[in-house]
Amino acid sequence: MMATPAFNYGSDISGLVWGFLLNGAGPALPVDAGEAEAWLRAPVPGQFVWLHFNLSNAASERWLRAHAGLPDEFYETLHQGSRSTRIEIADDALIAVVNDVLHNFSVDTAEISTLWAHVTPRGVITARRKPLESIERLRQDVLQGAPLRSSVELLVHLLRDQADVLVNIVRDAVARVDATEDQLLAGRVTRRREDLGALRRVLVRLQRLLAPEPAALFRLLQRPPAWVAPEDRQELRQSTEEFTVVLSDLAALQERIKLLQEEIAAQVNEDNNRSLFLLTIVTVMALPINLIAGLLGMNVGGVPLAQHPHGFWVVLGFTALVTGAIAWLLLRLQRPR
């Protein structure tokens, strides 16, 4: 495709980011908006088209309404406030709303956006507002000549790329959790324990947005459109099972982080209790000194040992004896039973 100016949001003047013409055998052929419009007017048997649009470009929706012939349900999903994952059938076509992480995703930022897809036997139309990781992976695979025999297989490939992205996120999170766990076992709880809470929130958000996807696919597989081939149904079923396994790993990792947080909190609480007990011992040990100093320092007559030549040493020895007895008693009480 030709390079486009920055003010077109990474797309051409029609809002098209990229387009490919596929036939399931040879390499994908890039097409521009004009070629895509001509092909949609006169589809070629044995071929299907994939058009990807950037909704940040206002021209994209105008082009879709003018040339793509999409049902009203597709445009309703674009403007709905809900971004929940779902796959529906409208006018014998599949309409999918899929959540995915942004391109160059980082666990620290945890940015997620939505992809809308319309799938028919003659083509796939996808649209997004921000660059997404899975759709970029799919584009790279298409450019490298991945064999895609049908539009449904393209959708399956996208779902598997999405699962692969999620697997990489889980691996990155596991590495971070392992590092924190090693520090905990070594008795070195550092500031990285504060990252566990943020990491857990990211994983919870991912699971909340992506968890409905397997259920949506299972409902689709119960009553798929007649044009979906049996092998495509099997591929959809397998991708659903793979995604379910990844979500299970995600849930298990969340539980592991929760247990680590509880262990760290218990260790920090124990350290605080030990410090508080030590402070209490010092305070109690200083009590006899303060009490005797207060009594002997009163400006009244009859202070004992005031005229005794060794009065200071007698009081000092008595104070040390009482303080030592209190310290022995407290340390004895501290011993584990």
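Modeller: Let us begin with a lining, bearing in mind that this is a predicted model. The residues that line the second largest cavity divide into seven nonpolar, one polar and no charged.

Colleague: How is such a space found, and what volume does the second largest cavity have?

Modeller: Rolling a probe the size of a water molecule over the atoms shows where empty space is left. In this structure, the second largest cavity has a volume of about 40 Å³, and a search of the whole structure finds two cavities of 30 Å³ or more.

Colleague: Which residues line the second largest cavity, and which element gives the most to that lining?

Modeller: The lining is made by Trp50, Ala117, Val124, Thr126, Leu138, Leu154, Leu155 and Leu158. Two or more of the lining residues come from each of strand 7 (123-128) and helix 5, and helix 5 gives the most, with three residues.

Colleague: How much space lies in the largest cavity, and which residues line it?

Modeller: The largest cavity holds about 60 Å³ of space, and its lining consists of Val98, Asp100, Leu115, Leu132, Ser134, Ile135, Leu158, Leu159 and Gln162. Strand 5 (93-101), helix 4 (133-143) and helix 5 (151-185) are the elements that give two or more residues to this lining, and helix 5 gives the most here, with three residues. By residue type, the lining of the largest cavity divides into six nonpolar, two polar and one charged.

Colleague: Turning to the helices, how should I read the packing of helix 7 and helix 8?

Modeller: Two packed helices are described by the angle between their axes and the distance between the axes. Here, helix 7 (residues 212-222) and helix 8 (residues 230-296) pack at an angle of about 160 degrees, and their axes lie 9 Å apart. Because angles over 145 degrees count as roughly antiparallel, helix 7 is roughly antiparallel to helix 8.

Colleague: Is the crossing of helix 7 and helix 8 left-handed or right-handed, and which residues meet there?

Modeller: The crossing of these two helices is left-handed. From helix 7, the residues Glu213, Pro214, Leu217, Phe218, Leu220 and Leu221 meet Arg233, Leu236, Arg237, Thr240, Phe243, Thr244 and Leu247 of helix 8. The residues of this contact divide into eight nonpolar, two polar and three charged.

Note on methods: Residues numbered from 1 in each chain as written. Predicted model: local features only at pLDDT ≥ 70, side-chain atom pairs only at ≥ 80, totals over all residues. Heavy atoms only, no water. 1 Å grid on protein atoms, 1.4 Å probe; cavity = no way out; pocket = protein on both sides within 12 Å on 5 of 7 lines; lining within 4 Å. Points joined across faces, edges and corners; volume = space filled by probe spheres on them. Helix = DSSP H or I, 4+ residues; strand = E, 2+ residues; numbered from the N terminus. Nonpolar A, V, L, I, M, F, W, Y, C, P; charged D, E, K, R; others polar. Axes fitted to C-alpha atoms, helices over the stretch in contact; angles between N-to-C directions. Parallel < 35°, antiparallel > 145°, perpendicular 65-115°, else oblique. Left-handed = near helix turned anticlockwise from the far one by under 90°. Contact = heavy atoms within 4.5 Å.
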